[in-house]
Amino acid sequence: MTDILPFLKSLISVSGISGYETPVANLIAEKWGPLVNEMSLSRVGSLHGLKRGTHKSPRPSLMIATHMDAIGMRVSKIVDGFLHITNVGGIDVRVLPGAEVTVHATGSNEELPAVIVMPPARFLPESAGNGVLAIDHLLVDTGLLPREVERKVRVGDLVSFANEPFELAGDVISGHTVDNRASVAALTVCLEELQNKSHAWDVWAVATVQEEVTYLGAYSSAFELLPQIAIVVDGTFAKGPGANGWQTFPMGKGVGLGIGPNMHPFLHQKLKELAERLEIPWFPDVMPADSGTDAFAVQVTAEGIPTALVEFPIRYMHTPVESAAVKDIQRVGRLLAEFVLSLEADFVDTIVWE
Ligand SMILES: [Zn+2]
């Protein structure tokens with residue numbers, strides 16, 4: 001199996017805040033180009049790669065969706081050369097002070113390096129205290145003089161995390177967009193595994209936009225492609241200090257398979273059996289309702305699409321240091337590829353509705 005780490009590191013070095021995914025989309029398009037037969041962008045910017053199957057037409061198709069957008073921030077106000085920010089998507093505000101960021105300045109069309117800072121307590125209202133500050137009390141310092149800031153930066157400009165990916169000991173990758181670029185990497189592993197192998201079904205490799213905010217890409221790509229079945233890949237909460245026992249999963253110990261009303265039980269069962277056959281360790285991720293991922297949007301599109309959710313555990317979700325085990329990402333990729341290879345032409349007819 002190819003080493004996915006170099007590509008994953010490049011994926012988590014670029015921005016691609018929800019609604020502004022072009023930098024990462026370009027990178028993925030370049031990588032997927034040689035691995036698929038056709039590639040296109042959806043009307044809203046999701047990337048569709050088609051790897052054609054061998055069965056006679058009309059061929060059934062499987063969509064594998066991974067969101068490529070990332071959480072980030074946006075300038076809400078400029079005061080004395082400092083930027084106030086608000087969030088795009090859910091952000092863990094507790095770890096923002098000290099973060100290295102890039103201000104995408106539209107006034108001068110420049111990328112400005114900056115840091116997020118916490119003003120001294122005496123400059124803050126008493127209610128803010130000395131604890132965690134709400135995002136509207138944090139500031140972004142570009143190091144520029146106030147008049148330069150006024151000239152270059154506009155209210156509404158995007159602010160993305162700028163810290164470089166970092167390999168921790170123990171084969172763990174840490175960075176700002178492991179959610180969900182690691183899934184894009186896993187899908188890339190799948191495409192690489194499928195090279196020079198024949199599979200009956202068409203495979204749509206999809207990198208969706210705006211999962212973190214509206215599921216726009218998942219809804220619209222599922223509607224455009226109308227696959228017979230779909231698999232969504234995303235991160236889930238890994239065990240870590242203070243994390244509870246039942247909603248979190250050991251990192252480096254395998255892949256998660258979502259189970260609940262959002263996921264089709266037959267697909268779950270098939271993935272589970274396949275994982276066991278391949279000796280890929282897996283754990284059930286029990287979800288009482290909507291999974292909070294693209295799987296929800298895909299499942300409820302058009303006439304309804306039987307959907308499964310495959311996951312890998314992430315520690316420190318929605319921070320600039322999201323961390324995941326490289327091994328789990330490789331395993332997800334392999335499971336996806338083997339699932340594609342296992343699909344018989346009449347698979348849909350075998351689906352049992354319980
Ligand atoms: Zn995600």
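How do the residues of the lining of the largest pocket divide into nonpolar, polar and charged? They divide into seven nonpolar, eight polar and seven charged, where Ala, Val, Leu, Ile, Met, Phe, Trp, Tyr, Cys and Pro count as nonpolar, Asp, Glu, Lys and Arg as charged, and the others, Gly among them, as polar.

This is a predicted model, in which local features need pLDDT of at least 70, side-chain atom pairs count only at pLDDT 80 or more, and totals for chains, interfaces and linings use all residues. Residues are numbered from 1 along each chain as its sequence is written, and side-chain values use heavy atoms, with hydrogens and water left out.

A pocket is an open set of points on a 1 Å grid over the protein atoms alone, where a 1.4 Å probe fits, with protein on both sides within 12 Å along at least five of seven lines, and its lining residues have an atom within 4 Å of a point. A volume is the space filled by probe spheres set on the points, which are joined across faces, edges and corners.

| Pocket | Volume |
|---|---|
| Largest pocket | about 430 Å³ |
| Second largest pocket | about 240 Å³ |

Of the 22 residues lining the largest pocket, the closest to its centre are Gly235, Phe237, Ser291, Gly292 and Thr293. Strand 13 gives the most to this lining, with four residues; strands (E, at least two residues) and helices (H or I, at least four) are DSSP runs, numbered from the N terminus.
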